[in-house]
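Subject: Handover of a structure

Dear colleague,

Please find below the sequence and the structure that I am handing over to you. My account of what was found follows directly after them.

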Amino acid sequence: MNPQLIAVLTLAVGTYAFRLAGPLLQGRVELPDRIRELLTAGATVLLVALLATGALTAGHGFAGWARPAGVVVGGVLAWRRAPFAVVVVGAAAVTGLLRLAGLP
């Protein structure tokens, strides 16, 4: 069997097991409030790190100023609870206009 296929199947089974564990353990495991707070903070930190990595880097270097500006505009629009399409179009428009103006 192909090693890549084995890896994909293993990851698929692991992902399904994680998804299944939530409903199966819902009433049996009670987490303390402090652990719930830490898990919430950890998820937030991971999302911010992913956002920063995607917004600020391209390849092995800095992505330029247009992309982070578009991400900031998209973030502000999402924070103001704008519709998803408005968030995406607003971020893309700002990025495109700044690149058109000559910013990398």
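In this predicted model, helix α2 meets helix α3 through Leu-51, Gly-54, Ala-55 and Leu-56 on the α2 side and Arg-67, Pro-68 and Val-71 on the α3 side. The axes of α2 and α3 come within 8 Å and cross at roughly 140 degrees. That angle makes α2 oblique to α3, because a crossing has to be over 145 degrees to count as roughly antiparallel.

Helix α2 covers residues 33–56, and Thr-53 is one of its residues. Thr-53 counts as partly exposed, since its relative accessibility is 48% and exposed residues must be over 50%. Along the chain, Thr-53 and Leu-39 are 14 residues apart, and their C-alpha atoms are separated by 21 Å.

The crossing of α3 and α4 is right-handed.

The α3 side of this contact consists of Ala-66, Arg-67, Ala-69, Gly-70, Val-73, Gly-74, Leu-77 and Ala-78. From α4 come Val-86, Val-87, Gly-90, Ala-91, Val-94, Thr-95, Leu-98 and Arg-99. Taken together, the residues of the contact of α3 with α4 divide into ten nonpolar, four polar and two charged. Arg-67 is listed both in the contact of α3 with α2 and in that of α3 with α4.

Thr-95 lies in helix α4 and counts as buried, because its relative accessibility is 15% and the limit for buried residues is under 20%. Leaving aside residues up to four places away in sequence, Thr-95 touches Ala-66, Arg-67 and Gly-70. Gly-96 is likewise found in helix α4, but with a relative accessibility of 37% it counts as partly exposed. Between the C-alpha atoms of Gly-96 and Val-13 there are 41 Å in space, and the two residues are 83 apart in sequence.

Which residue has a positive phi although it is not a glycine? It is Arg-81, with a phi of about 65 degrees. For context, most residues other than glycine have a negative phi. Arg-81 is placed in the loop between α3 and α4, and its relative accessibility of 76% means that it counts as exposed.

Helix α1 spans 3–25, and Pro-23 lies in it. Is Pro-23 buried or exposed? At 57% relative accessibility, Pro-23 counts as exposed. Pro-23 and Val-72 are 49 residues apart in sequence, with 36 Å between their C-alpha atoms.

Glu-30 is found in the loop between α1 and α2. Glu-30 is exposed as well, its relative accessible area being 65%. The C-alpha atoms of Glu-30 and Arg-80 are separated by 35 Å, and these residues are 50 apart along the chain.

The chain as a whole

How many helices and strands does the protein chain have? There are four helices and two strands, and from the N terminus on they run α-α-β-β-α-α. The protein chain has a radius of gyration of 20 Å, whereas a compact globule of 104 residues would have one near 13 Å. Along the principal axes, the C-alpha atoms fill a box of roughly 55 × 45 × 25 Å.

Buried residues make up 11% of the 104 residues in the protein chain; Thr-95 counts as buried. Among contacts between residues at least 6 apart in sequence, 37% join residues at least 24 apart.

With kind regards

Definitions and conventions:
Residues numbered from 1 in each chain as written. Predicted model: local features only at pLDDT ≥ 70, side-chain atom pairs only at ≥ 80, totals over all residues. Heavy atoms only, no water. Left-handed = near helix turned anticlockwise from the far one by under 90°. Contact = heavy atoms within 4.5 Å. Nonpolar A, V, L, I, M, F, W, Y, C, P; charged D, E, K, R; others polar. Buried < 20%, exposed > 50% of the residue type's maximum accessible area, 1.4 Å probe, protein only. Rg over C-alpha atoms; globule rule 2.2 N^0.38 Å. Axes fitted to C-alpha atoms, helices over the stretch in contact; angles between N-to-C directions. Parallel < 35°, antiparallel > 145°, perpendicular 65-115°, else oblique.
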